[in-house]
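User: I am new to this structure and would like to learn how to read its strands and helices. Could you take me through them step by step?

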Amino acid sequence: MAFADALARVRAGADPGKEAEALLAELTPEEKLWLLDGDDDFWPGLAEMSAGYNLRPLLMGAVDRLGIPGLRFSDGPRGVVMGKSTAFPVSMARGATWDVTLEERVGLAIGREMRAQGANFFGGVCINLPRHPAWGRIQETYGEDPLLLGEFGAALVRGVHRNAMAVAKHYALNSMENARFKVDVQASDETLHEVFLAHFRRVVEEGVDGIMTSYNSVNGEWAGQNAVLMEEILRGRWGFEGVTVSDFIWGLRDPAKSLRNGLDVEEPFRQQRAAQLPALLRSGEASWDDVDRAGRRILRTQLAFYASDLEDEPAPSVVFSAEHRDLAREVSRASIVLLKNDSVLPLQASELSSIAVVGRLADVPNTGDHGSSDVRSPEVTTAFQGLSAALPGVRVKRASEDGAQAAADAARDADAAIVVVGYTAVDEGEYVGDDATADPALLALYPPAPSAEDPSMANGVMVGAMGGDRASLRLLPSDVELIRAVAAVNPRTVVVIVTAGAVITEEWRSSVPAVLIGWYGGVSGGQALADVLLGLADASGRLPYSIPVDESHLPFFDRDATSIVYDKWFGQRLLDRDGIEAAFPLGFGLSYTSFAISEVSVSTVADESFTATVSVSNTGSRDGRHVVQLYGVVDAADFPRRVLLGFAPVSLAAGTSATVTVRGSVRPLLRWTGDGFTPAASEVVVEAAGYSGDPAAATVPLHL
């Protein structure tokens, strides 16, 4: 087979680009076009997808005659969407661990599960920056900071790479859900390069295989046919050698223009390109040179991947294995963020005779939204189930019915009350609604429907993905009423918030002694929550974003906008600029012990990075886990006052100390100019801290 022969030569040291060129020459014109989109015809493919999204690998560009395997797509990032796989905590929860080694292990598990089910192309490295916490798909990304996004995305790429190609998305400026098919996002070159593209550059350097473009328009051109993004920046400036793919169905508007401007594959079906490219090539409106360019990239990507250091083929039993469920528990445990604790936690199991576990979400399997990232795990441990299993001999009470009064009745005589509230897929998530799929501009992208088919069937494509952008950053009024009712009768009330993005808690937080963010915790989230509440593990998660006191402290957000301007100011950096204190700053999280950072020293800068050596002590009476965070304090006009430069978790026994080495990047300290990057200041102050703005941080100057 031609592909097998070319692969053998690449493994022996041949250049994959040259082998791709030779392989391309063996393809017929029809086979070359076959590479450029999905292998399934549009209407049968859409019908199958409407019945269940990504139940099997979605195949693109397989050429059996030459043994070309094609791109076999599986979505994410919560886990493998196909089959009955392991749902890990959502990406935002994983970002709250601040542990890229742990994220790499998650990537390894995801790669094994998808490869065991026949896929080779993981579309789940989601690293979009959430400019506003109302964004509906904020659960699919890691945090508000470009450096955090880049490092976690790179870690996921490294893990997945042992078994599958990794695809980063959505490129670029995608952080609105309801308006994603129509909005034009405008941003200056400075804003693009300093903020919204920095993390994509990082995963390109890590060797990501694919880049998926976003639905939205960027500076007046749809991302799926945007030459500035794909050819000028991605390939010309960053040297990306992989494959570019569209987001599904509505990811491009002009098949010839998308090909000319750098989009290699239209996903996931035979749609606009299959219907129009042959005639456009005959008329000269499309070019065979562009077809060949895309073909070379597609073939080179596959050859390079299959020639890399892959694991042995995993057995089917790896899917939803005990090992992966245990990993999901470990990740969820490390992600839980303790925001407030007035000497209530951890609960001592030996002192409990009864607890109440109440609230709308106390016994609901809730791993995230029901859109393209949904993972269909066979079972999910709820908070009630996790605490019941962890407390044999203790009466674990539920409310007799819904509502604040029933919850208060259950909690009244309990030794402690755990209130689980927050969000579900109804409140936030991927949005594909009637107003989107009935849009004439989107319907025009479909090929003619067979007479027995109806284009309106596309409304079911994402299987009930209707959450969209959040309408409010606060809990439901019924949740707040329940919290207050329980707190009024039980002084040991603990509130667990199920969320992905920031939740403003000002109207009720003072009435309870303890508050945690429990996230969408994956299949083992209930067990992990019990581990933390009972002190079997330290409360060690740290916020991957800031939480404001009020919505007015955030950027303007209109979830129905058709045009919006993005600038550098959002999240913690916006609060810093405006001199507003956060309710909880970036990187914040309490522990069951206490830590001190006594000193920090830094190396000289080389290759845009430096090394910080930090002395950390556990000054409390319990073993615990801390996250050392490096921030650069900058004195420069029109530049953030404080930026994240690096981070490293450390576990310490009670009363012990350690020297922690943290790699820092100076890229967040650089300003974009027409000639490239230049330091925003010649000298900055590096803070080794527990969170952004930590007054107990150790400091040292750094010369750029």
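**Strands first, then a helix**

Analyst: Strand β2 (residues 58-60) and β3 run antiparallel and are joined by three bridges, where strands (E, at least two residues) and helices (H or I, at least four) are DSSP runs numbered from the N terminus, and two strands pair if DSSP finds at least two bridges between them. This is a predicted model, in which local features need pLDDT of at least 70, side-chain atom pairs count only at pLDDT 80 or more, and totals for chains, interfaces and linings use all residues. Residues are numbered from 1 along each chain as its sequence is written, and side-chain values use heavy atoms, with hydrogens and water left out.

User: Which residue of β3 is the bridge partner of L59, and in which sense do β3 and β4 pair?

Analyst: The partner of L59 is R72, while β3 and strand β4 (residues 121-126) pair in the parallel sense over three bridges, with G123 in β4 as the bridge partner of D75. Because four of the five residues of β3 (residues 71-75) are buried (under 20% relative accessible area; exposed is over 50%, partly exposed in between, with a 1.4 Å probe and protein chains only), β3 is largely enclosed by the rest of the structure.

User: Which residues of α12 are buried, and which are exposed?

Analyst: Q272, R273, L277, L280 and L281 are buried in α12. They cover an arc of only 100° around the axis (taken from the directions from the helix axis to the C-beta atoms), which puts them on the same side of α12. The face turned away from this buried side carries the exposed residues A275 and R282.
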